[in-house]
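Welcome! Take a moment to look over the sequence and the model shown here, and then let us walk through the structure together.

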Amino acid sequence: MPNKYVDFVSDEDFLECVERVINAYPDKNQETPSPTKLLKNYEHGIDEFKAMFDMCVNRMDFQNWIKAEKIRQDGKRVENKMGEFHQQLLGKVEGWEDLGTGDSSHVDLKNDEGTIYIEIKNKKNTINDGSGKNVRNNLEEIIKNNKEAIGYWAYIIQGGYKSEEDVWVREGYETNDRIRKISCDKAYELVTGDPHALEKTYDALPKAIGDILGITIEFSDTDQQLISEFKDYIFDD
């Protein structure tokens, strides 16, 4: 019997990865927090000056600003889950292993032969900060100790959504053909062998999310048209 969602991992594995992201979303029935409770919920605090600008420029009352700020903060938490989603999903492909998180000396994925290692970052531009140096150092160490290995820095989001794979040239490091950068679609192709695996994943999400939530997700004609245009841009060959 064919898989219901994608053909490169089991339905159970796909739903598990999707559900982890869903669980990062807040309960819709949760009451809007008071300003004090909102401040206590976020360890990095709230920019009270931006709040005043937002209310004055956007003509928002304080209660609506609190709601908007909570949506923004919750969105950041969900965004952080997206890199994990791709890592965990690709780690369930036969012949691949998810190396987990929490250890800065390791990357995210490797194949069973130990010849391909992949570090996944959600946004391409984040590689310019300190995390980029850590990724590069980890890949340098891997290929130094394994003469058969190729290390990849993979990124999910990039301006223009260009499909690419190339040598990763970074200032301060010698150029090495065995350390490469790769776009998300190419990373999915590398792991699954299917050039359309990323698009298949995207297409499967509404069905999987609906099945987990116990609802049928249907888009309006307008939304379907806009989603189609969006897909043409994102997944254009």
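This is a predicted model: local features need pLDDT of at least 70, side-chain atom pairs count only at pLDDT 80 or more; totals for chains, interfaces and linings use all residues.

## Strand β6 and its partners

Strand β5, residues 165-167, pairs with β6 in an antiparallel fashion through three bridges.

β6 itself covers residues 179-183 and is mostly covered, with four of its five residues buried.

## The overall layout

Stepping back, the protein has eight helices and six strands. Starting at the N terminus, the order of elements is α-α-α-α-β-β-β-α-β-β-β-α-α-α.

The chain has 237 residues, and 36% of them count as buried. If you take the contacts between residues at least 6 apart in sequence, 63% join residues at least 24 apart.

Which residues have the most contacts inside the largest nonpolar core? They are Phe8, Phe14, Leu89, Ile118 and Tyr188, in a core of 34 residues. At least two residues of this core come from each of α1 (11-22), α4 (62-91), β3 (116-123), β4 (150-157), α6 (184-192) and α7 (197-213). The element that gives the most is α1, with five residues.

Neighbours within four places in sequence aside, tyrosine 188 is in contact with Phe8, Phe85, His86, Leu89, Leu90, Gly193, Asp194, Ala197, Leu198 and Thr201. There is also a second, separate core, made of eleven residues, with Val135, Ile143, Ala149 and Trp153 among them.

## The largest pocket

Now turn to the largest pocket, which has a volume of about 1,400 Å³. Its lining has 42 residues, and those nearest the centre are Met82, Phe85, His86, Tyr202 and Leu205.

Which element supplies the largest share of the lining of the largest pocket? That is α7, with eight residues. At least two lining residues come from each of α1, α4, β4, α6, α7 and α8 (221-234). By residue type, the lining divides into 25 nonpolar, seven polar and ten charged residues.

Definitions and conventions
Residues are numbered from 1 along each chain as its sequence is written. Side-chain values use heavy atoms; hydrogens and water are left out. A nonpolar core is a set of buried Ala, Val, Leu, Ile, Met, Phe, Trp, Tyr and Cys residues joined through side-chain atoms within 4.5 Å. Buried means under 20% relative accessible area, exposed over 50%, partly exposed in between (1.4 Å probe, protein chains only). Contact means heavy atoms within 4.5 Å. On a 1 Å grid over the protein atoms alone, a cavity is a set of points where a 1.4 Å probe fits but cannot get out, and a pocket is an open set with protein on both sides within 12 Å along at least five of seven lines; lining residues have an atom within 4 Å of a point. Grid points are joined across faces, edges and corners, and a volume is the space filled by probe spheres set on the points. Ala, Val, Leu, Ile, Met, Phe, Trp, Tyr, Cys and Pro count as nonpolar, Asp, Glu, Lys and Arg as charged, and the others, Gly among them, as polar. Two strands pair if DSSP finds at least two bridges between them.
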